[in-house]
2 protein chains.
Amino acid sequence: MVSFDAAFRQTLAELFAWRRDVRRFRTDPVDEPLLRRCLDLAALSPSVGNSQPWRFVRVSDPLRRAEVVASFERCNADAAEAYGAERREAYVRLKLAGLREAPVHLAVFCDEATETGHGLGRATMPEMLRYSVVTAVQTFWLAARAQGLGVGWVSILEPETVCETLGVPCAWHLVAYLCVGYPVEEHADPELVRHGWQQRLETGMPLIER
Amino acid sequence: MVSFDAAFRQTLAELFAWRRDVRRFRTDPVDEPLLRRCLDLAALSPSVGNSQPWRFVRVSDPLRRAEVVASFERCNADAAEAYGAERREAYVRLKLAGLREAPVHLAVFCDEATETGHGLGRATMPEMLRYSVVTAVQTFWLAARAQGLGVGWVSILEPETVCETLGVPCAWHLVAYLCVGYPVEEHADPELVRHGWQQRLETGMPLIER
């Protein structure tokens, strides 16, 4: 029986607080065994029916990266347009992705055609397959932060464009596009709080009773 | 600048390995401050645009719990029916939920109507809101395991039935239904591996290059 002590729990709480979405990266490379170690830990994540539907793709080709950056820029411009004047001004001042600087790009897919797990747990909630991939992203993120790496999750993208650019199987659904590298600066508060976009709702988690 | 040492990383890797989906619970209660502590840590999870869309509902009312158990039993019987003879025999031997024994039930919703975050990051990938709730579930799970608690994620349920039974706002979408309590036994391998349903695909995470 494995148990965890109070000192570990205290440091784990600090890891949760200092995880953060990073958009400002140094350009120096990430040590390969260290990246692999974080990915291997992500493979320990929960998955519905033990389906392990996560598929991690490293995007290194400069032309493919440029396509992803172009998709981000289109989506980001459209998003800015959709806001009223005041919000738009705040929006365009935000730095929302570190795609140009981050040494590692990881596109994370869900293999919707997988037979692994034999469909267990997915009949009434088929979205569980994608949720399993999200847990792997979160595990990777925590493992990376514990190694001093920063991760930024970019969702201001056209998923179809990313799939086409990377030439992945049609049954693969894009769940996350991650920038990975060493952060320029580190914070315990979210960038969107620091830059006045959205404050925390309250301290702690409210619990509703039924 | 907070950094994490090798000893912490080693124990974190053990936490990932020993997390596990638990279906066999002791019935003794969970200490309230301990549960609250795990929930508060879940509030530190990443969320798109800092939208914090997670809504945690504790289900204590025996009639409501009975409705949830009934939904599980209907879905589980239907799922068994859908398999061929051999798989069905394996399926019905599995214990897939600890709903009757677990002292704490948590239904976790995504508030799809929230304006928190002002829509940032959700225009082209609206599913990001639900994914944010999944990261909170995974954070809660790890925090709970570090406290010696077990968590089981039940997806063999009718989401509409759960929403109606709990009388939550229409805009709340069920993401997860969690059983929480002290586990009867602990393992580092998944129950579905141990009972021959689905093995691990391979050691570690394959990385595809593009």
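**Note on a predicted two-chain model**

1. V137(B) touches V108(B), V175(B) and A176(B), residues up to four places away in sequence being left out; contact means that the C-beta atoms of two residues, placed from the backbone, lie within 7 Å. V137(B) belongs to helix α5 of chain B; helices (H or I, at least four residues) and strands (E, at least two) are DSSP runs, numbered from the N terminus. V137(B) counts as buried because it has 25 C-beta neighbours inside 10 Å. The scale behind this calls a residue buried if 20 or more other C-beta atoms lie within 10 Å of its own, exposed if 12 or fewer, and partly exposed in between, again with C-beta atoms placed from the backbone. From V137(B) to W153(B) there are 16 residues in sequence and 9.1 Å in space, C-alpha to C-alpha.

2. On conventions, this is a predicted model, in which local features need pLDDT of at least 70 and side-chain atom pairs count only at pLDDT 80 or more, while totals for chains, interfaces and linings use all residues. Residues are numbered from 1 along each chain as its sequence is written, and chains are lettered from A and ligands numbered from 1 in the order in which they are written.

3. Chain A is superposed on chain B by a rotation of 180 degrees with 0.0 Å of shift along its axis, at an RMSD of 0.0 Å. This is the relation of a two-fold axis.

4. What does each chain give to the contact? Chain A contributes 77 residues and chain B contributes 77 residues. On the side of chain A that touches chain B, the elements giving two or more residues include α1 (6-18), α3 (62-82), α5 (128-146) and β5 of chain A. α1(A) supplies the largest share of that side, ten residues. By class, the residues of that side of chain A are 43 nonpolar, 19 polar and 15 charged; Ala, Val, Leu, Ile, Met, Phe, Trp, Tyr, Cys and Pro count as nonpolar, Asp, Glu, Lys and Arg as charged, and the others, Gly among them, as polar. Of the interface residues of chain A, 100% are also interface residues in chain B, so the copies meet through the same surface.

5. Strands pair if DSSP finds at least two bridges between them. β5(A) pairs with β1(B) in the parallel sense over three bridges, and E209(A) stands opposite R58(B) in β1(B).

6. Within chain B, strand β2 (residues 104-111) and strand β4 (residues 172-181) run antiparallel and are joined by eight bridges. The bridge partner of V108(B) in β4(B) is A176(B). V108(B) also touches W54(B), F56(B) and V133(B), among others, not counting residues up to four places away in sequence. V108(A) and V108(B) have the most contacts inside the largest nonpolar core, which has 124 residues; such a core is a set of buried Ala, Val, Leu, Ile, Met, Phe, Trp, Tyr and Cys residues joined through C-beta atoms within 7 Å.

7. A second open sheet of five strands has the order β3(A)-β4(A)-β2(A)-β1(A)-β5(B), and its pairing is mixed. β3 (150-154) of chain A and β5 (207-209) of chain B are the edge strands, each pairing on one side only. β1(A) and strand β2 (residues 104-111) of chain A run antiparallel and are joined by five bridges; V57(A) stands opposite A107(A) in β2(A).

8. Which helices lie across the strands of chain A? α5(A) lies across β1, β2, β3 and β4 (172-181) of chain A, at about 10 degrees to β4(A), and α6(A) lies across β1, β2 and β4 of chain A, at about 80 degrees to β4(A). Axes are lines fitted to C-alpha atoms, for helices over the stretch in contact, and angles run from 0 to 180 degrees between N-to-C directions.

9. W141(A) is in helix α5 of chain A and counts as buried, with 28 C-beta neighbours inside 10 Å. Apart from neighbours within four places in sequence, W141(A) is in contact with R19(A) and V151(A). W141(A) and T116(A) are 25 residues apart in sequence and 25 Å apart in space, C-alpha to C-alpha.

Methods: Copies are superposed by least squares on the C-alpha atoms of residues with pLDDT of at least 70 in both.
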